[in-house]
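Me: I am new to this structure. Please show it to me, and then let us work through it in questions.

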Amino acid sequence: MAEVAERLKDIIKPENLIYGKSPVLNNVTMHYCPGCSHGVVHKLIAEVIDELGIQDKTIGVSPVGCAVFAYNYIDIDWSEAAHGRAPAVATGIKRIMPEKTVFTYQGDGDLAAIGTAETMHAINRGENIVMIFINNAIYGMTGGQMAPTTLLGQVTSTTPYGRNVDLNGYPLKITELIAQLPGAAYVTRQSVHTAAAVRKARKAIRKAFELSQQNIGTCFVEVVSTCNSGWKMNPVESNDWMVKHMFPLFPLGDLKDGGKDKTDGFNLQPQ
Amino acid sequence: MGELRLMKGNEVIAEAAIRCGCDGYFGYPITPQSEVMESLMAQRPWETTGMVVLQAESEIASIHMVYGAAGCGKRVMTSSSSPGISLMAEGISYIAGSELPCVIVNVQRGGPGLGTIQPSQADYYQATKGGGHGDYSLLVLAPASVQEMHDFVALGFDLAYKYRNPVMILADGVIGQMMEKVELMDQRPRWTDEQVKEITGSWATLGKTKDRSKHVITSLEMDSHIMEENNLRLQAKYNKMKQEDVRYETILCEDAEYVLVAFGSAARICQKTVQLAREKGHKVGLLRPITLFPFPEKPIEELASRIKGFMTVEFNAGQMVHDVKLVVNGKTKVEYFGRMGGILPSPDEVEQALLQKLIGG
């Protein structure tokens with residue numbers, strides 16, 4: 001044993017370090033359930049903020065839901081929004097301090113149910129903000145109720161016999177709607193269930209933050225995510241279930257790129 | 001003397017906002033106050049003072065834009081009318097809970113529901129007793145003239161920053177729509193980045209620098225003991241307002257036997273009633289609360305021990321009358337007279353009510 005410890009000492013040296021926790025991520029234990037996607041996405045955001053050197057100019061807007069405590073984990077200034085109002089709060093911050101980088105972090109209930117109006121209108125105005133959308137098809141914080149993105153037939157605490165289209169309507173593909181908005185600059189859908197997916201999601205989040213420095217409209221990153229507690233599965237089962245059932249409805253990939261729409265030819269000239 | 005102009009109450013809110021160095025306005029159109037944002041848009045202050053003006057998609061969005069921008073230590077405001085203020089109640093509660101300064105203007109119209117676009121004072125309870133959820137208070141200023149609409153914008157920001165608390169200017173459709181002579185303040189510069197940092201640098205979301213820990217604007221606290229402390233801190237703040245910032249006006253109260261209590265445009269009508277009653281030999285005075293919260297308890301208490309009765313005059317079903325009764329505590333008579341639905345009582349009508357309910361004859 002002593003020999004092993006001695007050998008480890010030789011290995012654990014700064015010059016051998018190939019990966020470390022971003023200093024923008026705080027040294028606290030996250031409250032998220034094991035297997036939850038939130039922690040990974042937090043880490044990616046912290047890394048991107050660190051890489052771009054924008055910690056001192058980034059303001060985050062945290063939501064209501066499991067990520068309500070995002071401000072405990074990422075070491076930047078935060079404004080904690082009411083349920084669904086993050087895009088309006090972010091608009092207020094960005095308009096009054098246009099030199100800052102402003103992002104929202106929202107779940108499906110927050111962004112696609114109670115905050116649909118704020119979401120659509122902030123993006124339609126082309127607010128120069130980043131929006132990170134965690135879609136896990138359920139309300140996690142309140143104990144697993146139906147979300148706007150809950151799949152047909154999916155069992156939740158408020159659809160105990162499965163989501164019924166006549167009773168509950170359809171799962172809302174809000175990212176597809178958002179991609180139609182002229183104010184959207186970059187709209188993409190990612191996931192973080194494999195190492196490769198995490199790398200791609202990281203690239204997308206970095207791109208969104210980079211583009212937001214150019215003020216060319218709203219940059220929107222959906223992350224199709226797991227909620228193993230809400231889904232009543234273990235983390236491995238959750239990943240499999242997500243791939244099998246969510247990806248067909250919420251396919252990964254870019255939905256829009258290249259900045260907000262041009263207005264040439266569509267502007268009346270006031271007298 | 002400053003520049004004199006004949007202006008509408010709503011227009012002067014916009015003018016005063018620009019001139020006092022306001023950083024931003026977020027609003028949504030609603031009668032009878034739409035002229036506020038219309039005037040701002042027409043003036044384009046973003047080209048002169050740098051003030052941001054944005055038409056939001058709803059009153060809900062407007063107040064949460066105010067929340068975000070106020071959290072940046074900027075002097076921001078919104079305006080609306082009764083149904084719109086109800087929609088803002090959520091955000092106002094969050095702003096009070098997060099201890100952010102801002103100015104909210106309510107140019108009241110009649111309710112309940114969609115009600116009417118005619119003037120009213122039926123949001124007295126909503127304004128002075130919180131309005132949204134949780135134990136919080138706004139500092140409420142009630143203008144009775146176009147001049148006060150002007151003056152209370154700058155005063156509102158001063159008080160909002162003194163207490164880190166939302167201030168409401170509770171006007172009504174009369175004050176918002178009527179035109180009067182107003183003396184405008186000279187243009188003041190907006191706070192510089194250095195001033196913002198000096199004044200709000202200990203709490204605002206200005207971007208986390210290496211030399212300090214992160215700032216979080218929130219009203220959330222999961223530890224009940226800390227949450228109770230937060231509530232006690234808010235209550236201490238409201239008590240401080242009661243000690244330091246009660247404002248009111250008295251007219252002919254020195255020798256009065258009967259005192260009318262009225263705020264805003266109701267007080268304007270009562271001024272005439274006082275004159276009419278005095279001409280007939282009745283010793284009538286007027287007490288006009290200028291701050292509705294904190295309520296002018298002391299002058300009412302002092303009068304209660306020596307006058308024969310109070311009558312509140314309100315454009316509602318009798319709301320402020322309960323606050324007067326609480327202070328008077330049975331020492332003398334307290335009556336109410338009012339009209340609703342957008343109807344304004346005439347000075348004669350108020351005088352008749354006064355004779356009937358209090359003076360007799």
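Me: At what angle do helix 2 and helix 9 of chain A pack?
Reply: This is a predicted model, where local features need pLDDT of at least 70, side-chain atom pairs count only at pLDDT 80 or more, and totals for chains, interfaces and linings use all residues. Residues are numbered from 1 along each chain as its sequence is written, while chains are lettered from A and ligands numbered from 1 in the order in which they are written. Helix 2 (residues 38-52) and helix 9 (residues 195-212) of chain A have axes 9 Å apart, and they pack at an angle of about 45°.

Me: How do the residues of the contact of helix 2 with helix 9 of chain A divide?
Reply: Two residues are in contact if their C-beta atoms, placed from the backbone, lie within 7 Å. Helix 2 of chain A contributes residues including A:Val40 and A:Leu44, and helix 9 of chain A contributes residues including A:Val198 and A:Phe209. Ala, Val, Leu, Ile, Met, Phe, Trp, Tyr, Cys and Pro count as nonpolar, Asp, Glu, Lys and Arg as charged, and the others, Gly among them, as polar. The division is nine nonpolar, no polar and five charged.

Me: Which strands of chain A does helix 2 of chain A lie across?
Reply: Helix 2 of chain A runs at about 165° to one of them, strand 4. The strands are strand 1 (58-62), strand 4 and strand 6.

Me: How many residues of strand 4 of chain A are buried?
Reply: A residue is buried if 20 or more other C-beta atoms lie within 10 Å of its own, exposed if 12 or fewer, and partly exposed in between; C-beta atoms are placed from the backbone. One side of strand 4 of chain A has A:Val130, A:Ile132 and A:Ile134, and the other has A:Met131, A:Phe133 and A:Asn135. Of the residues of strand 4 (residues 130-135), the buried ones number six of six.

Me: Which residue stands opposite A:Val130 in strand 6 of chain A?
Reply: Two strands pair if DSSP finds at least two bridges between them. Strand 4 and strand 6 (residues 218-224) of chain A run parallel, joined by six bridges. Opposite A:Val130 stands A:Cys219.

Me: Which strands stand at the edges of the open sheet of eight strands?
Reply: The order is 7(A)-5(A)-6(A)-4(A)-3(A)-1(A)-2(A)-9(B), with mixed pairing. Each edge strand has a single partner strand, so one side of each is left without a neighbour in the sheet. The edges are strand 7 (253-256) of chain A and strand 9 of chain B.

Me: Which residue of chain B does A:Trp78 stand opposite?
Reply: Strand 2 (residues 77-80) of chain A and strand 9 of chain B run parallel, with two bridges. In strand 9 of chain B, A:Trp78 faces B:Val216.

Me: Which helix of chain B gives the most to the side that touches chain A?
Reply: Across the chains, 33 residues of chain B are in contact with 29 of chain A. Elements that each supply at least two residues of that side include helix 4 (82-97) and strand 9 (216-217) of chain B. With seven residues, the top contributor is helix 3 of chain B.

Note on methods
Helices (H or I, at least four residues) and strands (E, at least two) are DSSP runs, numbered from the N terminus. Axes are lines fitted to C-alpha atoms, for helices over the stretch in contact, and angles run from 0 to 180 degrees between N-to-C directions.
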